[in-house]
Amino acid sequence: MFEAIAFYLFAALTIVMFTITVMTSQALYALTAMAAGMIFISAFFFILGADFLGAIQIIVYTGAVMAIYAFGMMFFDTTRNVVEKRSNPRFVVVLGALAAVLVVFIVLAPIVTTNLNANYPIDLAVGNSQAIGMVLFTKYLVPFELAAVMLLVAMIAGIVLAGKKMDKSLTLMTEEDIALMHDSFTHESTQEEAH
Amino acid sequence: MEVYLYIALFAPLVGSLFAGLFGAYPKMLFTGVIASGLLFASFVSSAILLNYVLTGHTVHVEMMTWIAAGDLYIPFGFVVDQVSVTMMMVVSVVSTVVHVYSIGYMAHDKGFNRFFSYLSAFVFSMMVLVMSDNFLGLFIGWEGVGLCSWLLIGFWYHKESATWAANEAFIMNRIADLAMLIGIFMMYWNLGSLQYDVVFANVATLPMHIITWIGIFLFIGAMGKSAQFPLHTWLADAMEGPTPVSALIHAATMVTAGVYLVVRANPIYSEIPDVGNAIASLGAFVAMFAATMALVNRDMKRIIAYSTLSQLGYMFVAAGLGAYWVALFHLMAHAFFKALLFLGAGNVMHAMHDELDPFKMGGLKKSMKGTWIFMTLASVALAGIYPLAGFFSKDLILEVAFVEQHYILYTVLLLTAGLTAFYSFRLVALIFHGNERHLEHGIHPHEAYSFMLYAMAPLAVLAVIAGMVFKTPYYLMVTNLLPAMTYHIHNHTTFWIMTIGTQLFVIAAITYAYKKYAKAVKVDKKVESGLLYQLLYNQYYIPKIYDEVFSKPYLKLSKLAWKEIDLKIVDATVDGIANVIYQTGEKTHTMQNGNLSSMLRWMVIGLVVLLVLAVAFTAGYNAVNLQAM
Amino acid sequence: MEITLTHYLVLSTVLFAIGLIGVMRRKNLLMLFFATEILLNAVNIGMAAISHYRGDYTGQMFAFFIIAIAASEVAVGLGLLIVWYKRTGKIDLDQMTSMRG
């Protein structure tokens, strides 16, 4: 009973929040609504007994991702709204719904029709975090390492992309401009050495 | 001996391929010389083989396996026996002469090399036809001859009439070839083999009606090649080709194939005398029919062509009555003088700048003495005057008809002999005697190259002596294979009356022809407007009837198919498909407008489509699999 | 009233649909990123629910990796967005037409 109330409550909240995110024209509203939606989603994880996932959801999304978005938005002129021309909203809604239903259907089909065996059955004796850790570092070690490398690469990419000199495109510049830029760059470095 | 067999067979092929190498180049004398030389080699080999066969041997080789599938076994086998060696001699002699002659005749033609390539291929096909030891090999040669005749009749392909005539010849032959193929299939179906020896040994065991049908179908094939009624129209139209080709077709390589087939298949026809009688009757009819058309025609080459048709009729009479050796003998004798006649006509044509109407010639004996002598000689031989070749072969056929008590055939043939003499000498008289009508047309004739005349000389000699000298040795040789029947009229009085009577009749016809045409040509308007004259002049209206009955409805049908089926269904479908694709491209190229937003939208649509397909296929797969379980 | 797997899957579907609608209708590049986050989260809910009702950790593992991917996507995507903004001063999807042929 309690579970049901919690589910419906959070379901309603999540849907509302995400709808605001998608529909509002204010970037700030959207950001806020989404951060809230993420937190509400973590509630489902807790209800489903995936405590670790819930914690991660709050930390990663609300803590890290939303923070990055917030910082990112500081670069942009958020007060100036992008004029969004809308065409055929009903078509968009129908198409989105259809795609979603199909995806779920496909994911669900094997579960409903055949008796899948659990590869890694949930053991209620150990806590969720401990069990996750055990599975993650035994069966999913290689994907885990790969994910770590991927995050590292993404971090470096983010730093480089947002860094200096990236406002100019080398591919779109003429040879002279590149030479000029290179000269000024070497000039600066020699000056630094002189200091 | 096998070596000589292969030389005789393949020398023309080598010549053809060699000349064919230079087919696209302008005239090169050596192609003609080499092709002729190779043909001469073929002739020499044939002569050696003839000598060998005369001693009572035959050569039979199996070159290689051609078709071996299941029970079907057909080798590339060749046989040189009494019949085929006769044909080989005829073919190689006439072809060699024609080749040498063509070097002069085609000297100024652009397609000189090409001509020799075709000509040698023609001879090769005929060699395959006569030397094969089975019916399928014969059929290959048969088709090769048809193809080469198409190439050569249409040699001057820029002339519309030539291409038309070539197509006509090819199509008519094709109709007959189908029947022949059916005959061959029936033979294989019932006997399980196509080898001559096997077929002929076992043919008597078949039920009567099957032998009859085989005989009929094979004869229809022979009718097409030998231009028997009603498939005869192509032969006269084939005169569109260069004259040496006509000589070759008429004397050696094509029309004789039909006679050869009947002679070769004599064990089959011996079983079915009724069909034989039908063949003989048709032959007599054609002999008469063609001779009457030749009476009034105004085209030199066509007259000779009709004469060939008529003589083929004689051969079929002999073959149909079971006198196979007589048919083959007449074939041989006829080949010599008919080739001579055609080559002489070629000389005249050259001298007359391709004028073919003998009424516009006349008095040529002054300027073209050699040709005059040769053509007169050939005509005498054709008319059957003692002691030239025609007398021995043609009168023999008359005797056959008489002895076999087919008096109607005999009468028809006798009348035809008179007609033959008349039209032959009408032609000679019109061309070589009388006043020089061609001067009005500003033509100054000249004799052909002397080497062309020398090339014709052997034929002239053969036309004179072939009957007298060759008859007995030929008879002794060929009756080893063919039924040996002698036709003697037992009553000596009857024999002498018949022979002398025929000679007198023929001489009278010749005299009448000379009298009527040798001096001044008077055109009798009354006769020419007469019904009979018009009927003959228009070839019994048969080409017209064919045109009305077959060609025009077919043209209509083709037009209907073109306009209704091709344009409205086939073309429309193709255009429709192209249009759909084009319109689709036109409509959908806005998809690629470079707008990321719309691209995303399309991406989602694509995703939906793929998902639907995935669901549908999985559902379908499961449904099938569950059913199977 | 029992909450079954179906409830969660329906919720997941609804959220996924919202995300897709956002992807399709948003012209602001930043908002597009938000929409993709919604898509990923919708799937995550489904994964966790299946994991729970099937008694299998695999679903949770997948959700875990999806979160990792989402994080790196944000880092790289936002970096690119900033570069783009620096160069053109715009983050409007309709004006990114350099891919037009």
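This is a guided tour of selected spots in a predicted model, with something to select at each stop.

Residues are numbered from 1 along each chain as its sequence is written, and chains are lettered from A and ligands numbered from 1 in the order in which they are written. Because the model is predicted, local features need pLDDT of at least 70 and side-chain atom pairs count only at pLDDT 80 or more, while totals for chains, interfaces and linings use all residues.

**Stop 1: where chain B meets chain A**

Show chains A and B together. Eight residues of chain B are in contact with seven residues of chain A (contact means that C-beta atoms, placed from the backbone, lie within 7 Å).

**Stop 2: a hairpin in chain B**

Now select residues 59–69 and 72–80 of chain B, which are strand 1 and strand 2. Helices (H or I, at least four residues) and strands (E, at least two) are DSSP runs, numbered from the N terminus. The two strands run antiparallel and are joined by nine bridges; pairing requires at least two DSSP bridges. Look for A68(B), whose bridge partner in strand 2 is Y73(B). Two residues separate the strands of this hairpin, and G70(B) in the turn has a positive phi of about 60 degrees.

**Stop 3: helices 3 and 4 of chain B**

Select residues 82–105 and 112–131 of chain B next. The axes of these helices come within 10 Å and cross at roughly 175 degrees (axes are lines fitted to C-alpha atoms over the stretch in contact, with angles from 0 to 180 degrees between N-to-C directions). That makes helix 3 of chain B roughly antiparallel to helix 4 of chain B, a term for angles over 145 degrees. To see the contact, display residues including M87(B), V91(B) and H99(B) from helix 3, with L119(B), V123(B) and M127(B) among those from helix 4. By class, the contact has 10 nonpolar, four polar and no charged residues.

**Stop 4**

Move to residues 208–225 of chain B. The 18 residues of helix 8 should span 26 Å at 1.5 Å a residue, and its end C-alpha atoms are 26 Å apart, which agrees; the expected span is 1.5 Å times one less than the number of residues. Its buried residues include I211(B), F217(B) and K225(B) (buried means 20 or more other C-beta atoms within 10 Å, exposed 12 or fewer, and partly exposed in between, with C-beta atoms placed from the backbone). Among the elements covering them are helix 5 (135–153) and helix 13 (273–296) of chain B.

Step into the loop between helix 8 and helix 9 to find A227(B). A227(B) has a positive phi of about 55 degrees although it is not a glycine, and it counts as buried with 29 C-beta neighbours inside 10 Å. In that loop is also P230(B), joined to F229(B) by a cis peptide bond with omega of about 5 degrees. Most residues other than glycine have a negative phi, and most peptide bonds are trans.

**Stop 5: two exposed residues**

Select Q405(B), in the loop between helix 17 (389–403) and helix 18 (407–432) of chain B. Its phi is near 65 degrees, a positive value in a residue other than glycine, and with 8 C-beta neighbours inside 10 Å, Q405(B) counts as exposed.

Finish at T4(C), in the segment before helix 1 (5–25) of chain C. T4(C) counts as exposed, with 11 C-beta neighbours inside 10 Å. Which distance separates T4(C) and Y53(C), C-alpha to C-alpha? They are 8.0 Å apart in space and 49 residues apart in sequence.

Notes: Two residues are in contact if their C-beta atoms, placed from the backbone, lie within 7 Å. Angles under 35 degrees count as roughly parallel, over 145 as roughly antiparallel, 65 to 115 as roughly perpendicular and the rest as oblique. Ala, Val, Leu, Ile, Met, Phe, Trp, Tyr, Cys and Pro count as nonpolar, Asp, Glu, Lys and Arg as charged, and the others, Gly among them, as polar.
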